[in-house]
Amino acid sequence: KCELNMRFIFLSGFALLTAGYYFMDVFVDSTTNEEQPLGKSPALVEKKDCRLLTFTPDERKMVSLWGHIPTDTCTTHMHLISFSKDDDNYLKRQVAMDLLFSIFWSKSLRSFQCRYYAVERQSDYHNRPLYSREFNLMSEYITIEPEADIIRAECFFNGSIFYNGVHFYIRPPDKRLRSSQGLPPLRSASDSESLSVLIVGLDSISQPHFARTMSQTSNFLYSLPHVELKGFHRLGTTFESLMPLLSGLSGPEMVNFLLTPRKLDACPFIWKEFRKAGYETALGEDNIDKSMFPEPGFEEPPTDYYLRPALIEMWLKTRRDRAPGIHCNSEDSYAGVLKNFFYKIIPHHRRHRFFTFLWWTHGIDYLFTYGRTLDTMFLEMFQYAAIKGLLKNTLLLVVSNHGLNTGYFYETVQGKVEENLPLALLCYPKWMKRRYPRAIANLRQNNDRLVTAFDLHATLLDLRNLTSIQDSSVEQRSLDLAAKDLPRGISLFLPVPSSRGCSSAQVPTKCCLCQERVQVSPMEKYVLRAALLIVRTINRALHKHIPPCHKLALKQVWAADEWRLPAEENYSELVVRLLTTPGGGEFEGVVKFTGRELALSGPIVRKNDYGNDTYCIDNYLISAYCYC
């Protein structure tokens with residue numbers, strides 16, 4: 001009987017402790033402490049200066065990460081090269097007869113049957129077939145009908161396929177179409193009152209990693225008149241970091257814009273402003289599954305030259321995967337396809353002012369060493385652009401979204417810092433320093449100021465009309481800037497104040513290098529409170545979809561970093577990485593703490609691939625959270 005009483009007392013006490021914990025840390029948090037309006041402390045609002053975190057990389061610690069440098073070769077038995085000449089389109093055959101004989105035991109190309117299929121764009125995810133034509137390999141040059149901008153060529157020997165590849169051709173912008181859209185005639189490349197813009201985007205490349213992995217390319221660009229923005233901050237995810245550059249809107253503002261509902265075509269992308277100013281425009285990415293533009297994509301081609309229709313044909317009909325994220329179209333990697341797209345629009349760009357945005361993801365977004373694989377390709381690409389005279393009247397921006405955020409390197413202290421230091425390198429024509437001395441002096445001064453993609457957006461808009469960066473104009477704009485509250489986007493041809501902090505620049509706390517980072521134990525009680533808040537927030541978002549989605553529960557807190565502003569004792573933010581069940585979802589969120597009050601800050605980000613876990617719903621806003 002005594003033993004039974006002791007067991008009853010023990011179980012009752014345990015139940016009371018569990019109920020008390022639930023009341024204080026779940027019920028009280030959810031009803032009293034969480035998501036309360038948090039007033040900004042004086043130290044955050046009146047911060048006098050931003051002391052950017054400085055970090056000297058210790059390259060000796062990364063020797064073990066180099067290992068094997070992968071190649072970027074995609075092999076085929078035969079090469080077909082597409083090109084245009086005098087408004088005619090061609091394929092050029094390149095084949096080693098000895099190789100074909102050793103494989104097929106045939107000494108004549110008459111034995112090979114070939115056909116190409118012409119297609120045209122129907123949407124960002126589908127093409128429409130037009131017609132097909134047979135061709136033979138006896139002639140070195142094969143003429144392609146001029147209406148065929150995208151073709152897929154395939155060749156067979158005795159019923160076995162030995163070539164399958166997509167090719168594309170570039171037409172100049174349709175003058176009648178531009179006129180019907182109310183756009184002005186294209187500006188000449190010799191126009192002295194404007195500059196062309198070439199943006200080369202490299203996914204997941206930090207400032208140190210650019211020099212570390214692409215030494216040939218970086219040394220060539222450093223030999224040009226340039227400014228490297230050492231205080232350039234990321235603004236969150238790829239979408240959150242690139243939308244300010246491309247539209248002037250923050251990531252959440254762009255999401256709200258699309259929820260109204262509006263089509264992607266209606267978004268205020270920057271190339272529209274350049275089209276109105278008489279520029280031809282181009283847009284290209286080297287991937288389909290990691291595109292920065294959400295589904296369903298654009299209804300109409302967003303720019304004059306648009307690579308995606310050709311790339312979607314490759315993705316659906318000819319893709320060969322060499323490794324995750326590394327794909328081939330016949331003899332070309334997707335990184336090489338985007339380079340070829342740039343080469344094919346250069347003849348048009350040499351005649352007109354242009355705005356071109358090219359974004360590379362292929363391999364470099366998750367492999368530490370892959371930058372070295374692509375280094376020679378980028379060096380040759382920039383050298384070719386220089387030889388063709390393209391850089392004489394062009395502002396070249398080489399930019400990234402963030403540093404590497406996956407793999408062993410990312411888990412190091414250095415990797416965590418570099419994630420928030422994306423590459424931003426501006427190369428400008430040599431004559432600009434003489435013609436616009438005050439603007440270039442400001443640009444060079446801003447190399448160590450806190451800047452973001454909002455500032456790059458404002459800078460690019462100045463290039464449509466260079467009278468805006470004449471000395472007199474820069475002087476007046478600088479006075480106007482000092483006389484009012486700082487905007488979140490400041491042209492880098494104006495002086496960015498050294499007192500600018502992350503708050504006024506709208507840099508999220510987890511991305512801000514003005515702060516001190518402290519790693520805390522995942523077992524701390526307040527870390528667990530923050531993790532439970534993140535899970536409860538996910539379940540609220542899923543509420544109307546349970547079922548078919550499962551309600552999630554916290555399985556484990558993997559890591560937590562605490563960020564504090566200097567001399568700020570009552571305000572902190574936790575970056576928490578956690579695992580949920582069922583489904584094994586890995587999420588990261590930021591939770592603000594002020595005393596006992598806590599609130600979520602920014603979106604909750606899925607950190608691992610969710611594959612086909614969301615097959616039961618069709619809602620991209622919550623697909624990252626649902627486990628069916």
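Strands, at least two residues long and labelled E, and helices, at least four residues long and labelled H or I, are DSSP runs numbered from the N terminus.

This is a predicted model, in which local features need pLDDT of at least 70 and side-chain atom pairs count only at pLDDT 80 or more, while totals for chains, interfaces and linings use all residues. Residues are numbered from 1 along each chain as its sequence is written, and side-chain values use heavy atoms, with hydrogens and water left out.

**The sheet**

Now select residues 196-202, strand E8, together with residues 354-360, strand E15. The two run parallel and are joined by six bridges. Two strands count as paired if DSSP finds at least two bridges between them.

**Salt bridges**

How many salt bridges does a search of the whole structure find? The search finds 24. A salt bridge here is a side-chain nitrogen of Lys or Arg within 4 Å of a carboxyl oxygen of Asp or Glu.

Go to Glu 134 and Arg 115, whose side chains form a salt bridge at 2.9 Å, N to O. Glu 134 belongs to strand E4 (residues 127-135) and Arg 115 to strand E3 (residues 112-121), so this pair ties together parts 19 residues apart in sequence. Is Glu 134 buried or exposed? Glu 134 has 63% relative accessibility and counts as exposed, whereas Arg 115, at 25%, counts as partly exposed. Buried means under 20% relative accessible area, exposed means over 50%, and partly exposed lies in between, using a 1.4 Å probe and protein chains only.

Next, select Glu 120 and Arg 128, which meet in a salt bridge of 2.9 Å, N to O. Glu 120 is partly exposed at 34% relative accessibility, and Arg 128 is partly exposed at 34%.

Then select Glu 253 and Arg 488, where the N to O distance of the salt bridge is 2.7 Å. This pair links distant parts of the chain, 235 residues apart: Glu 253 is in helix H9 (residues 251-258), and Arg 488 is in the loop between helix H18 (471-482) and strand E18 (516-520). Glu 253 counts as partly exposed, with 32% relative accessibility.

Finish at Arg 178, Arg 275 and Asp 304, which a network of salt bridges links.
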